[in-house]
Amino acid sequence: MTDVIVVGGGVVGLTTAVTLAERGLRVRVWSRDPAGSTTSAVAGALWWPYRIEPAERVGAWALETLAVYEELAAAPRETGVRRVAGLHGGERLAALGAWAAGLKDAAEVAGGLRVTLPLLDMPVHLAWLERRFAAAGGAVERRAVSGFGEAAEASPVVVNCTGLGARELVPDAGVRPVRGQLVAVENPGIEEWYTEADPASDATTYFFPQPGLLVLGGTAEADDPRTEPDPRTAREIVARCARIRPDIAGARVLGHRVGLRPAREAGVRIEAEALPGGGLLVHNYGHGGAGVTVAWGCARTAAALVG
């Protein structure tokens with residue numbers, strides 16, 4: 001007997017599944033892809049409310065998630081979560097939402113906003129979520145679905161955490177891909193992260209020190225579904241990062257990553273609706289570029305709708 005089927009095995013789906021299973025429900029995750037092959041695995045994964053709406057709800061979800069990550073950072077090798085200092089170039093506290101009051105050590109400096117934040121090694125974190133889910137009695141199944149009715153036949157409650165897949169499955173035409181390209185290089189000795197984003201541009205500049213490498217970014221190309229790395233874009237990313245840290249220019253390239261952020265015009269959707277036959281469908285999708293940042297807050301909000 002299964003109480004809930006969560007469709008989607010990225011960070012939002014797994015976090016939601018863990019939340020439900022640890023409340024005593026019998027939960028299964030149906031995921032087309034292994035966690036390591038989802039969009040979540042490609043994420044640069046710095047905690048920060050980036051490209052996500054609605055603003056009036058995001059702050060609370062983000063801060064709730066921040067509190068969890070700060071606890072998980074006590075065991076970084078196990079959970080993949082570390083607290084790392086860095087600089088948001090050109091940022092000012094006054095330009096942020098009310099949630100910024102929850103930042104413990106943020107300080108405005110000449111170049112922007114200096115703060116220590118959770119930085120996640122996503123392959124490690126996703127594997128940890130799967131282990132935690134299994135410890136709570138959950139099971140992950142590799143299974144693609146063509147509609148939520150399939151899951152409703154096996155469980156009275158279905159939770160939709162399909163990300164970009166919600167465009168076809170719901171269907172929701174407001175879900176759009178926002179392409180992100182990254183370059184992984186040998187770390188020349190950089191210990192702090194850096195970001196600089198222009199909301200009016202599809203080019204961003206950031207670098208994140210991850211175990212064994214440095215992740216350089218990036219792009220935010222709306223309605224671009226390409227999943228293959230673009231060599232010219234990769235060169236531009238390296239050049240932008242090298243303007244901030246010249247030692248990046250000579251770093252050996254280890255690989256390239258592309259992910260499609262699941263943006264939604266109306267913002268994150270967390271709500272319930274009835275399914276034919278008396279089942280319940282709970283939606284939790286549309287997290288744009290901040291699924292990692294709001295994962296626990298959104299999971300708890302969705303779990304409350306499951307009841």
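**Close-ups: salt bridges, cores and a helix crossing**

There are 20 salt bridges in this structure, which is a predicted model.

**View A. Glu 108 and Arg 92 pair up through their side chains.** The N-to-O distance in this salt bridge is 3.7 Å. Glu 108 sits in strand β4, while Arg 92 comes from the loop between β3 and β4, 16 residues away. Glu 108 is partly exposed at 44% relative accessible area, and Arg 92 is partly exposed too, at 32%.

**View B. Asp 223 reaches Arg 176, with the closest N and O atoms 2.5 Å apart.**

View C. Arg 232 is exposed at 57% relative accessibility; Glu 236, at 36%, is partly exposed.

**View D. Helices α3 and α9 cross at roughly 100°.** Their axes come within 6 Å, and the angle makes α3 roughly perpendicular to α9. Among the α3 residues meeting α9 are Trp 61, Val 68 and Tyr 69; the α9 side includes Val 292, Ala 295 and Trp 296. By class, this contact has ten nonpolar, four polar and three charged residues.

**View E. Welcome to the largest nonpolar core, with 64 residues.** Val 6, Trp 47, Tyr 69 and Val 159 have the most contacts inside it. Helix α9 gives the most to this core, with eight residues. Apart from it lies another core of 14 residues, including Val 183 and Ala 251.

Key: Residues numbered from 1 in each chain as written. Predicted model: local features only at pLDDT ≥ 70, side-chain atom pairs only at ≥ 80, totals over all residues. Heavy atoms only, no water. Core = buried A, V, L, I, M, F, W, Y, C linked by side-chain atoms within 4.5 Å. Buried < 20%, exposed > 50% of the residue type's maximum accessible area, 1.4 Å probe, protein only. Helix = DSSP H or I, 4+ residues; strand = E, 2+ residues; numbered from the N terminus. Axes fitted to C-alpha atoms, helices over the stretch in contact; angles between N-to-C directions. Parallel < 35°, antiparallel > 145°, perpendicular 65-115°, else oblique. Contact = heavy atoms within 4.5 Å. Nonpolar A, V, L, I, M, F, W, Y, C, P; charged D, E, K, R; others polar. Salt bridge = Lys/Arg side-chain N within 4 Å of Asp/Glu carboxyl O.
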